[in-house]
Amino acid sequence: MSQIDIQSDIQQTILKQQKIDSRRKWILNGVLLVLLLLAPFVMYPVFLMKILCFALFAVAFNLLFGFTGLLSFGHAAFLATGGYTTGYLLSNFSGLTTEMGVIAGTLMATVLGLGFALLSIRRQGIYFAMVTLALAQLVFFFFVQASFTGGEDGMHGVPRGELFGLINLEDNLNLYYVVLTVFLGCYLLVQRIVSSPYGHVLKAIKQNEPRAISLGYKVDRYKILAFVMSAALAGLAGSMKSVVFELASLNDAHWHMSGEVILMTLIGGMGTLLGPVLGATLVVNIEYQLGQGPLRDWVDPILGGIFVITVLAFRSGIVGEVQKFVRKNMG
Amino acid sequence: MTMMKKLLTSAVASALMVGGAQAEISDNVVKIGYLADMSGTYRDLAGPNGLTALEMAVKDFGGKVDGAKIEIVTADDRNSPDVASSTVRRWVENDKVDMVAGLVASSVTIAATKVLEEADKLGLVNGSAASSITNEYCTPNHIHYAYDTYALSIGTPTAIVKEGGKTWYILTADYAFGHAMEKDVTRVVEANGGEIIGSIRHPFPTPDFSSFILQAQASGADVIALANAGADTTNAITTAAEFGVTQSGQTIAGLVVFLSDVHALGTEVAQGLQLTTGWYWDMNDETRAWSDRFMEETGARPTMVHAGIYSSTLQYLNAIKATGSDDAQTVRKQMMDTPINDMFAKNGRIREDGRMVHDMYLAEVKTPEESTGEWDLYKIISTIPADEAFRPLAESDCKLVTGK
């Protein structure tokens, strides 16, 4: 066998493998989509929407953390900015339709994200995390003090309104499908981003930043763009959340929320697409189900325990571990 | 003609009354949801022991109203309005919950009562402090029972100024809640002939109060008022004890202080602290008898919130029994019409804005020498009559009062 033959052989095996992988992915995605479409008939729609909002938040965070390798400890600021902006606009300007409020909230978070990124992007690792945390605390104090947020009481009675002035969102089912559509759109967008040439550069930066620089990439610009996109999606999650719950509160701006999204992403599997979605689903469910049962005093220790086990025993998270297992045993 | 009119109106009225009497208990179960912070900051003042108080009320009532079973469901609100909103929504829409009890953090309470208003169910708020709950956020679907910030920030200053504490220094948590209390305290102190000689705002939350306490001490004011809550209050009191503030003759007035806080601090640290409370376990035989039972179940003495949960639940169940209905408006009306006379309050009444008004008490924390036991913490100095304790309806912004 000549060398060329061997090479084409290898190429064929890789292609075959990719085909199997992509077929598996399609089947999995199809099943998930059907489940999501049918879910509100089995489960409580508001609860599902909550999961979707947090899943989007985690997906946004993962774009930065999992794919670019930047650990932001201030993502709550974007969630809250989106939520408060949308809440304020929809409550005070009755002429605005819901989607305009949501878009405005997202834009506001995007602008804030750009500010954060410009100030923090030159630092790495723990310093980057601390700078983002400090900036997020500034935002938190702003929301505590500002009169329009209602401080500790929170902002209540945000009207859900009508989408495009046509579809009544007071109805939980209508709102569910709107939220689902937005979520799926964002999910596909992130999928597209990470598989694009731009996404590959992000991964290169994550793996070895000096090498990416030596290859001639303007690394800072790539990171800023990733940060801003992540902030925008987080803001969108917050905006939708305020529409779903008809309220925005300080909890969204608190650093606990920044911690929670890290937890979701790590449990699910950072750097995978489905990981953060699964992580968010799990964390929201654990909080809810345990909160109702006899273990309700133990929610925080249990979440903490899961976090420790994840970090110690299976670092790539649930989805990451499953992927490894599948590749090893079923390839 | 007038005769006819009278006849007609009385006929209509009696028809309506018959209609009312026919109302019955929905799906033959009275379901109570207990929503509170079970694991976080507010665990001790309401939390799992509040659930025990609720269960005691149901048990004492007999577990049944008119043959309908009384069921309790419970959830941890994690101090999050999102969790509160989705839990209460699910309770009223899917689980047919008729009444929600507990309700601690103000953001949680406001979120929950909004949902209750939409679904026309009832909420009995005991844990929350914010007086906005029966002011700008009032709804026809909840009752605020045990106490509120208005009563707390009015009661203590009034009583202290009358007893000779003329000059005041205020330590304020720097956010809306603290600002509102600072305003209330200033107004009351000045109205009673006292004087504010200084104030300082501290960030929320603050772990180290040394510099603030030193400034307050140096001001030479008779009274140092703490316009903050929770961990800020306990931190400030601890620091004040370290600097010997009370020993040097100054009084510390805590505005939002619970029995559980004082118990955690101990009399050594908290001695001499003056505070307002809606209820204290060691006031009379009735309160002691109930508290003994409570202590048997939980191992702790009840706070005013626990007692409020017990009392309000019994009031609620009695109202259902009297009207034969668990419809929110029927029950609320019946509760408003019935004066409250039990171990929690004497001649308490529920106003149209949902505020339950009753006597409040000014208490002082005992010194270690005076205290005879772990829970022997307060001595009641004076009673603040119900009419003075709560925000008068004339000053109310509540939509049910102003009609707007």
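How many residues does the contact take from chain A and from chain B? It takes 23 residues from chain A and 25 residues from chain B. Before we look around, please keep in mind that this is a predicted model.

## Chain A and its side of the contact

Let us start with chain A, which has 13 helices and four strands. The radius of gyration of chain A is 21 Å, close to the 20 Å that the globule rule gives for 331 residues, so chain A is as compact as a globular protein of that length. Along the principal axes, its C-alpha atoms fill a box of roughly 75 × 45 × 45 Å. Of the 331 residues in chain A, 45% are buried. Among the contacts in chain A with a separation of 6 or more, 76% come from residues 24 or more positions apart.

Now back to the place where the two chains meet, with 23 residues from chain A and 25 residues from chain B. On the side of chain A that touches chain B, at least two residues each are supplied by helix H2 (45-68), helix H5 (125-145), helix H11 (275-292) and helix H12 (299-313) of chain A. Sorted by class, this side of chain A has seven nonpolar, nine polar and seven charged residues.

Is A:Ser242 buried or exposed? A:Ser242 counts as buried because it has 31 C-beta neighbours inside 10 Å, and 20 or more are needed for that. Leaving aside residues up to four places away in sequence, A:Ser242 touches A:Gly83, A:Thr86, A:Gly87, A:Val158, A:Leu247 and A:Ala248. A:Pro159 is 83 residues from A:Ser242 along the chain, yet their C-alpha atoms are separated by 9.3 Å.

## Two domains in chain B

Moving on to chain B, the domain assignment gives domain 1 (28-147 + 284-358) and domain 2 (150-277 + 360-389). The centres of domain 1 and domain 2 of chain B, taken over C-alpha atoms, are 28 Å apart. Where these domains touch, eleven residues of domain 1 of chain B are in contact with 14 residues of domain 2 of chain B. The side of domain 1 of chain B that touches domain 2 of chain B has five nonpolar, four polar and two charged residues.

## The sheets of chain B

One sheet of chain B is open and has six strands in the order E2-E3-E1-E4-E5-E6, with mixed pairing. Its edge strands, each pairing on one side only, are strand E2 (64-65) and strand E6 (142-144) of chain B. Helix H4 (residues 106-119) of chain B packs on this sheet and touches strand E1 (29-36), strand E4 (99-102), strand E5 (122-125) and E6 of chain B. The direction of helix H4 of chain B makes about 160° with that of E5(B).

The table sets them out.

| Strand pair | Sense | Bridges |
|---|---|---|
| E2(B) and E3(B) (residues 68-76) | antiparallel | two bridges |
| E7(B) (residues 167-173) and E9(B) | parallel | five bridges |
| E9(B) and E10(B) | parallel | four bridges |
| E11(B) and E14(B) (residues 360-365) | antiparallel | four bridges |

B:Lys64 stands opposite B:Lys69 in E3(B), while B:Gln274 stands opposite B:Glu364 in E14(B).

Strand E11 (residues 274-277) of chain B is covered on both faces. B:Gln274 and B:Thr276 lie on one side and B:Leu275 and B:Thr277 on the other, and all of them are buried.

Strand E9 (residues 223-227) of chain B is mostly covered, with five of its five residues buried. Which residues point which way from E9(B)? B:Val223, B:Ala225 and B:Ala227 point one way, and B:Ile224 and B:Leu226 the other way.

B:Ile224 is a handy landmark here: B:Tyr169 stands opposite B:Ile224, and B:Ile224 stands opposite B:Ile252 in E10(B). B:Ile252 itself is found in strand E10 (residues 251-254) of chain B. With 26 C-beta neighbours inside 10 Å, B:Ile252 counts as buried. Residues up to four places away in sequence aside, B:Ile252 touches B:Ile224, B:Leu226, B:Ile237, B:Ala240, B:Val245, B:Thr246, B:Gly272 and B:Leu273. B:Ala270 is 18 residues from B:Ile252 in sequence and 9.2 Å away in space, C-alpha to C-alpha.

Terms used. Residues are numbered from 1 along each chain as its sequence is written. Chains are lettered from A and ligands numbered from 1 in the order in which they are written. This is a predicted model: local features need pLDDT of at least 70, side-chain atom pairs count only at pLDDT 80 or more; totals for chains, interfaces and linings use all residues. Two strands pair if DSSP finds at least two bridges between them. Two residues are in contact if their C-beta atoms, placed from the backbone, lie within 7 Å. Axes are lines fitted to C-alpha atoms, for helices over the stretch in contact, and angles run from 0 to 180 degrees between N-to-C directions. A residue is buried if 20 or more other C-beta atoms lie within 10 Å of its own, exposed if 12 or fewer, and partly exposed in between; C-beta atoms are placed from the backbone. Domain bounds come from an automatic or database domain assignment. Ala, Val, Leu, Ile, Met, Phe, Trp, Tyr, Cys and Pro count as nonpolar, Asp, Glu, Lys and Arg as charged, and the others, Gly among them, as polar. The radius of gyration is taken over C-alpha atoms; the globule rule is 2.2 Å times the number of residues to the power 0.38.
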